[in-house]
Amino acid sequence: MTPSPTQEGKVVNAYILIQTEVGKAAAVATEVREISGVAEAEDVTGPYDVIVRAEAESVDDLGKLVVARIQAVEGITRTLTCPVVHL
């Protein structure tokens, strides 16, 4: 798969839905926003507290980003990773 110029060499994009401890959404979004590979992190309402758009060079790299970096942020209780597919 050849990345488009707007992907800046990244080939895997995903949305990561995050549930946080009560009252921690803003702090989690701020901290996650600083992680390399995170394009955006927004506080939202509903069943999830933060939605992240992430970019990685491979599915394995995406997994490492989620498990080693994002899930390590204090206040996160659960994540759901939704890779983007191009149909």
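1. Residues 24 or more positions apart account for 65% of the contacts in the protein chain with a separation of 6 or more, a contact being heavy atoms within 4.5 Å. The model is a predicted one, where local features need pLDDT of at least 70, side-chain atom pairs count only at pLDDT 80 or more, and totals for chains, interfaces and linings use all residues. Residues are numbered from 1 along each chain as its sequence is written, and side-chain values use heavy atoms, with hydrogens and water left out.

2. The protein chain has 2 helices and 4 strands, in the order β-α-β-β-α-β along the sequence. Helices (H or I, at least four residues) and strands (E, at least two) are DSSP runs, numbered from the N terminus.

3. Of the 87 residues, 32% count as buried. Buried means under 20% relative accessible area, exposed over 50%, and partly exposed in between (1.4 Å probe, protein chains only). The accessible surface of the protein chain is about 5500 Å², and 53% of that belongs to carbon and sulfur atoms; areas come from the Shrake-Rupley method with a 1.4 Å probe, and for residues only the protein chains shown count as cover.

4. The largest nonpolar core holds 21 residues, of which Ile18, Val32, Val50, Val52, Leu62 and Ile70 touch the most other members. Two or more residues each come from strand 1 (12-20), helix 1 (25-33), strand 2 (38-43), strand 3 and helix 2 (59-70). A nonpolar core is a set of buried Ala, Val, Leu, Ile, Met, Phe, Trp, Tyr and Cys residues joined through side-chain atoms within 4.5 Å.

5. Not counting residues up to four places away in sequence, Val50 touches, among others, Ile16, Leu17, Ile18, Thr20, Ala25 and Val28. Thr20 lies in strand 1 and is buried, with a relative accessible area of 11%. Leaving aside neighbours within four places in sequence, Thr20 is in contact with Ala25, Val28, Asp49, Val50, Gly75, Ile76 and Thr77.

6. In helix 2 the buried residues are Leu62, Leu65, Val66 and Ile70. Seen down the helix 2 axis, they fall within an arc of 90°, so they line one face of the helix; the arc is that of the directions from the helix axis to the C-beta atoms. An α-helix has 3.6 residues a turn, so residues three or four places apart point the same way. The buried residues of helix 2 pack against strand 1, strand 2, strand 3 and strand 4 (76-83). Asp60, Lys64, Val67 and Ala68, on the other side of helix 2, are exposed.

7. A search of the whole structure gives 2 salt bridges, each a side-chain nitrogen of Lys or Arg within 4 Å of a carboxyl oxygen of Asp or Glu. Arg53 pairs with Glu40, the closest N and O atoms being 3.2 Å apart. Arg53 lies in strand 3 and Glu40 in strand 2, so this pair ties together parts that are 13 residues apart in sequence. Glu55 is buried at 16% relative accessible area, whereas Arg53 is partly exposed at 23% and Glu40 is partly exposed at 36%.

8. Tyr15, Val44, Ile51 and Val84 make a nonpolar surface patch of about 270 Å². Patches are made of residues with over 30% relative accessible area and no salt bridge, like charges being joined within 9 Å and nonpolar side chains (Val, Leu, Ile, Met, Phe, Trp, Tyr) within 5 Å. Ile51 lies in strand 3 (residues 50-56) and is partly exposed, with a relative accessible area of 30%.
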